[in-house]
Amino acid sequence: MVRVGRGGGSRSSSIDASASITTSTGSVANVNPHNAGSMFITRALKKILSDKETKKVQHSKLREACESALARLEDDMRSKEMHDAADGSASSSVEVTEDSPMPPPNSVDKRVNGDHYFRPFQLACQSRNPRIIVTSLDCLQKLIAYSLMSGATPVEGSDPPVRQIDVIVDTVCACFIGDYTDENVQLQIIKALLTIVTSTNCEVHEGTLLKVVRTCYNIYLASKNLVN
């Protein structure tokens with residue numbers, strides 16, 4: 001747990017990786033706890049697709065990226081289930097509601113590689129729509145907190161080579177656009193950045209680390225919300 005305070009403790013906020021799951025409908029869903037990684041991605045992408053802003057023409061690339069990622073994830077999970085069935089392994093389902101706690105870290109299926117699904121969340125963060133940005137940042141934070149996204153892979157076609165984690169940090173930091181940034185977006189930026197720099201699965205150094213510090217400090221200066 002990380003505590004962020006201002007003025008020697010006069011304002012503070014607890015940021016905990018075990019925040020409750022937020023569903024788009026609040027309905028009860030039966031999910032396999034071993035598929036929690038795919039659950040994070042699926043729920044976020046479907047919530048983004050269902051947003052009225054996403055249906056606008058200017059967000060056609062975002063829609064296509066979300067739909068493509070969902071199709072790929074479905075194929076990956078189907079292949080994994082067939083593999084598990086062949087091995088004779090199975091696990092029971094549990095009820096998950098919007099008030100359910102995050103699944104334990106040891107229950108999360110590490111075979112879901114969140115790095116492969118970063119593109120739709122990157123486009124969502126560039127949408128300038130607070131609802132979509134909050135959903136995207138929340139999912140990125142969960143994937144990193146549960147070691148499902150490391151960003152260690154170099155970005156294709158980058159010269160000189162750029163690691164994906166550097167692009168992830170750039171994307172998160174770019175969501176802060178000054179004093180008028182939505183307060184919920186500011187909070188999700190702080191949560192995502194603190195999760196990144198405290199994760200044992202992500203390596204953040206030099207200019208990227210400096211950008212994290214600068215962004216958090218700028219939010220500290222600009223925010224009028226006691227939580228942020």
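At roughly what angle do the axes of helix H3 and helix H4 cross? Please keep in mind that this is a predicted model.

1. The helix pair. The axes of H3 (residues 118-125) and H4 (residues 130-145) cross at roughly 145° and come within 8 Å. The crossing of H3 past H4 is left-handed.

2. From H3 come Phe118, Phe121, Ala124 and Cys125, which meet H4 residues including Ile132, Ile133, Ser136 and Leu140. Nine of the contact residues are nonpolar, one is polar and none is charged.

3. The model holds two aromatic pairs. In one of them, Phe40 and Tyr146, the ring centres lie 5.7 Å apart with the planes at 55°, so this pair counts as tilted. Phe40 belongs to helix H1 (residues 36-50) and Tyr146 to the loop between H4 and helix H5 (164-173), so the pair ties together parts 106 residues apart in sequence. Both Phe40 and Tyr146 are buried.

4. A stacked aromatic pair. Tyr217 and Tyr220 are stacked, with 6.0 Å centre to centre and 20° between the planes. Both sit in helix H7 (residues 206-222), three residues apart, or about one turn of the helix. Tyr217 has 49% relative accessibility and therefore counts as partly exposed; Tyr220, with a relative accessible area of 32%, is partly exposed as well.

5. A charge over a ring. Do have a look at Arg72, which lies over the face of Tyr117 at 5.7 Å from the ring centre.

Key
Residues are numbered from 1 along each chain as its sequence is written. This is a predicted model: local features need pLDDT of at least 70, side-chain atom pairs count only at pLDDT 80 or more; totals for chains, interfaces and linings use all residues. Side-chain values use heavy atoms; hydrogens and water are left out. Axes are lines fitted to C-alpha atoms, for helices over the stretch in contact, and angles run from 0 to 180 degrees between N-to-C directions. Helices (H or I, at least four residues) and strands (E, at least two) are DSSP runs, numbered from the N terminus. A crossing is left-handed if the near helix is turned anticlockwise from the far one by less than a right angle, and right-handed if clockwise. Contact means heavy atoms within 4.5 Å. Ala, Val, Leu, Ile, Met, Phe, Trp, Tyr, Cys and Pro count as nonpolar, Asp, Glu, Lys and Arg as charged, and the others, Gly among them, as polar. Rings of Phe, Tyr and Trp (its six-membered ring) pair if their centres lie within 6.5 Å; planes under 30 degrees apart count as stacked, over 60 as edge-to-face and the rest as tilted. Buried means under 20% relative accessible area, exposed over 50%, partly exposed in between (1.4 Å probe, protein chains only). A charge sits over a ring if NZ of Lys or CZ of Arg is within 6 Å of the ring centre and within 35 degrees of the ring normal.
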